[in-house]
Amino acid sequence: MGVKLSLGVSLGAVLAIVLVALVGAQVSSLQPIFGIFVPYAAFVIFILGFIYRVVDWGRSPVPYRIPTTCGQQKTLPWIKNDEIENPSSTLGVIGRMILEIFAFRSLFRHTKAEMASGNIVCGGSKWIWLGALAFHYSFLIIAIRHLRLFVEPVPAFVNGLGIVDGMLQIGVPELYITDVLLLAAVSYLLVRRLIVPKMRYISLANDYFPLFLILGIGISGVLMRYFIRVDIVSVKELAVGLASLHPTVPEGIGAIFFVHVALVSTLFAYFPFSKLMHAGGVFLSPGRNLANTNRAKMHVNPWEYPVKIHPYEDYENEFREKMKNAGIPVERE
């Protein structure tokens with residue numbers, strides 16, 4: 001699938017979701033479908049799909065110890081090993097996993113190679129690390145901020161997070177920093193795929209679709225907050241009803257809200273079956289969560305079995321007469 005087709009399919013799918021939600025929001029009898037049934041169905045698919053993927057990965061055998069080795073492995077006592085890049089203990093593995101999960105350490109070490117004056121020049125590439133960091137933490141903070149819609153009373157830490165996030169107040173309502181960062185980060189990740197030839201070559205529709213989807217969620221959220229106002233009291237009533245399993249759809253919420261919910265629900269349902277599952281897969285990656293003790297301990301593959309061999313001596317003993325009759329030289333007469 002070419003770049004234009006991949007872009008067209010993924011962008012078209014997101015626009016189709018927006019269009020269906022807009023049309024559905026205009027019909028009052030369909031609003032419970034978009035406001036209640038779709039979110040519940042997406043949540044159930046997300047939970048069951050996530051559990052299925054994690055259990056499936058957890059049941060996959062790992063017969064070989066193949067941790068990622070990016071530093072000196074523990075060998076002789078007088079050779080200093082790298083306990084973070086190449087851990088030999090459980091504590092070292094925990095340290096590496098913490099840095100990987102919270103600081104994206106593998107992306108921080110990302111390098112790029114370019115041709116310069118006929119030579120290959122390797123160097124650091126920290127923009128992808130910064131973009132991923134800004135995107136993930138902005139998304140996390142926005143998700144936590146949304147708890148104020150689902151719970152009553154609103155926890156103090158959620159209110160505090162909102163105050164810190166909106167400290168750069170520009171007009172009313174205040175401008176959330178994470179809203180700007182999320183849109184900027186997703187746009188950067190999308191533009192990077194489009195303008196970097198190597199990234200454009202390996203990108204498929206399933207690479208563009210989640211980016212367009214998240215971009216749509218961010219844009220619809222910003223529109224709903226700053227430009228196309230919705231009845232926030234009705235939104236909270238619906239959200240609390242969904243969380244308490246007693247949902248009702250109040251009148252007059254606004255069509256943009258149903259668009260936002262439809263896009264978020266699609267992301268939830270799509271998540272377990274997409275590359276976004278790296279959020280759960282990072283915990284089950286044998287390259288990350290295994291200590292490298294390959295030189296300290298003997299690791300035997302449980303699947304290995306005695307290999308039946310047939311050495312040449314036995315072969316010649318078995319076929320000597322036939323080989324001699326055929327004129328084939330033999331080592332023993």
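The buried residues of helix α1 (buried: under 20% relative accessible area, 1.4 Å probe, protein chains only) pack against α2 (31-59), α8 (177-195), α10 and α12. This is a predicted model, in which local features need pLDDT of at least 70, side-chain atom pairs count only at pLDDT 80 or more, and totals for chains, interfaces and linings use all residues. Residues are numbered from 1 along each chain as its sequence is written, and side-chain values use heavy atoms, leaving out hydrogens and water.

**Exercise 1.** State which residues of α1 are buried.

Solution. Start with the helix: α1 covers residues 3-25. Its buried residues are Ser6, Leu7, Ser10, Val14, Ile17, Ala21, Gly24 and Ala25.

**Exercise 2.** Classify Leu22 by its accessibility and list what it touches.

Solution. Leu22 lies in α1. Its relative accessibility is 34%, so Leu22 is partly exposed, the class between buried and exposed (over 50%). Next, leaving aside residues up to four places away in sequence, Leu22 touches Ala255 and Val259 (contact: heavy atoms within 4.5 Å).

**Exercise 3.** Describe how α10 and α12 are oriented and what their contact consists of.

Solution. First, the axes of α10 (residues 205-227) and α12 (residues 255-270) come within 9 Å and cross at roughly 150°. Therefore α10 is roughly antiparallel to α12 (angles over 145 degrees, on a scale from 0 to 180 degrees between N-to-C directions). Finally, the residues of this contact comprise 13 nonpolar, six polar and no charged; among them, Phe209 and Leu213 belong to α10, and Phe257 and Leu263 to α12.

Technical notes: Helix = DSSP H or I, 4+ residues; strand = E, 2+ residues; numbered from the N terminus. Parallel < 35°, antiparallel > 145°, perpendicular 65-115°, else oblique. Nonpolar A, V, L, I, M, F, W, Y, C, P; charged D, E, K, R; others polar. Expected span 1.5 Å × (residues − 1).
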